[in-house]
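I opened this notebook to keep track of what I looked up, one topic to an entry.

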Amino acid sequence: MPFKQEYFTLNNGHKIPAVAVIGTGTRWFKKEETESNFSHELVSQIKYALTLPGVIHIDAAEIYRTYPEVSQALKEAGRRRDEIFITDKYSTSLKLSENPVKGLDISLEKLGLDYVDLYLLHSPFVNEEQNGFTLEQAWKYMEEIYNSGKAKNIGVSNFAKEDLERILKIATIKPQVNQIEYSPFLQNQTPGIYKYCQEHDILLEAYAPLGPLQKRPTDARSDPFYKIVDKLAHKYDKSEALIILRWVSKRGVLPVTTSSKPSRIQDAQHLYDFDLTGVETEELTKAGLEHEPLRLYWTEQYSKFDSEAQKL
Ligand SMILES: NC(=O)C1=CN([C@@H]2O[C@H](COP(=O)(O)OP(=O)(O)OC[C@H]3O[C@@H](n4cnc5c(N)ncnc54)[C@H](OP(=O)(O)O)[C@@H]3O)[C@@H](O)[C@H]2O)C=CC1
C-alpha cells in the first residue's frame, strides 16, 4: 500500500502528524497502575503501530495509567525518537500529581523519555481548592514546561470558549491544540468551540471520532448518514471508519483513534492515501448535523449543551 505522511501545522509553526493512531485511554484505560493489570495486548498494539511507515502518533495521559505499557513498547520497538510523536496529558479534575511541571517529570521518568511532543491540560476543571492552583496558574506551569523544552508543544483538552478566553488573557504562549470529543454526531462539544478554535488558530483534535460506529443504532441501514458513509466506503473501497476519520480531517480537525486490531491501526496510519471531495465532505457534515447529538465523554459537565452541539 502506498503511504502518504500528512501533517497539520500548529500556531508556533511546528508540524504534528495528522492522525493519532493509537490512543492509550478508552478501551485501554485502567483505574490503577499495578503489575497484575499490565496490558500485554496494549504493548503489542503499540509495537505493531511502531512498525508502520511514517511518524507514529501516540496519545497518552496520566489518568489512563498506561505509561508502563507505552514505555515497554517504545523500548522494545527501538524506533527512532523523531519518528514518534507522543502526546501526554496532565490530570486536572482528579489530582494525581502536584502540578503540571512535577506531573510531566514523573511521566517522562515512567515513559523513559526526555521530552513529549505535546502536553495538554486534560480538562478545564481546575480550581484552587481542588488543585492548589487556578486555571490561569495551571497555564503558567504549561508555559514553564514549554520553555524548558520538556514539551515541544502545549495545549488543552475539553476546553470551552470561556476557558480558552481565560487562558488567552494571561498567556504569553497560546495553546497549540484543544483536544475535544468530536464526531459527525457531536460537531460542537461546547457552544461555538469549532468556530472559535478555527478563528484563533488553535488546532482541534477529535477524540471518539468513531462515536457513530461505536454506538450504531439498530435502524442504521435506513438512516441517511449511514447510507452516505456506506456509499463512500464502496466508492473508495475503504472501511466506514476510514470514511469518518477522513471526514474529521477534511473539517480541519486531527482525528485521535485507537484499536485492538492491527488491521485497523494500519488503515488509520494510511488515512491520507485517499481523499473525499468537498461535496462529499459537506454531505457528511449536513447528514451528521441532522442526527441527534451523541456524547460519550464528560457528560456530567457538558450534556447541558446537547441542544447546541449540532449547530455550526
Ligand atoms: N481528552 C479526553 O478527554 C479523551 C481522550 N481520548 C483519547 O482518544 C483515544 C481514542 O478514543 P476512542 O473513543 O477510543 O476513539 P474512536 O472513536 O476512534 O473509537 C475507537 C474504538 O472504536 C472501535 N471501532 C473501530 N472501528 C469500528 C467499527 N467499524 N465499528 C465499531 N467499532 C469500531 C475500536 O474497536 P476495536 O478495538 O475493536 O477496533 C475502538 O475501540 C483514546 O484512546 C484516548 O487516547 C478519549 C476519550 C476522552
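**Entry 1, the model and its record.** I began by noting that this is a predicted model. I then looked up the UniProt annotation, an unreviewed entry, and found "domain: NADP-dependent oxidoreductase" listed for residues 22-286. I checked that span in the model, where its end C-alpha atoms lie 28 Å apart and where 43% is helix and 13% is strand.

Under "active site" the unreviewed UniProt entry lists Tyr64, and I traced Tyr64 to the loop between strand 4 (56-59) and helix 2 (67-77). Is Tyr64 buried or exposed? I counted Tyr64 as buried because it has 23 C-beta neighbours inside 10 Å, and the cut-off for buried is 20 or more. Setting aside the neighbours within four places in sequence, I listed the contacts of Tyr64 as Thr24, Gly25, Trp28 and Phe29.

I followed the strands and found an open sheet of eight, in the order 3-4-5-6-7-8-9-10 and with parallel pairing. Its edges are strand 3 (22-23) and strand 10, each of which pairs on one side only.

Which residues are closest to the ligand? I noted Gly23, Gly25, Tyr207, Leu210 and Thr257 as the closest of the 27 residues that surround it. Helix 8 and helix 10 are the elements that give two or more residues to this shell, and helix 8 gives the most, with three. Sorting the shell by residue type, I recorded eight nonpolar, 14 polar and five charged residues.

The buried residues are Ala241, Leu242, Ile243, Ile244, Leu245, Arg246, Trp247, Val248 and Ser249. What covers these buried residues of helix 10 includes strand 9 (203-207), strand 10 (254-256), helix 8 (211-214), helix 9 (224-236), helix 11 (262-269) and helix 12 (278-289). Just after helix 10 I came to Gly252, which takes a positive phi of about 80°.

Notes
Residues numbered from 1 in each chain as written. Predicted model: local features only at pLDDT ≥ 70, side-chain atom pairs only at ≥ 80, totals over all residues. Buried ≥ 20, exposed ≤ 12 C-beta atoms within 10 Å, placed from the backbone. Helix = DSSP H or I, 4+ residues; strand = E, 2+ residues; numbered from the N terminus. Contact = placed C-beta atoms within 7 Å. UniProt positions renumbered as here; feature names shortened; annotations may be inferred. Near = placed C-beta within 6 Å. Nonpolar A, V, L, I, M, F, W, Y, C, P; charged D, E, K, R; others polar. Pairing = 2+ DSSP bridges.
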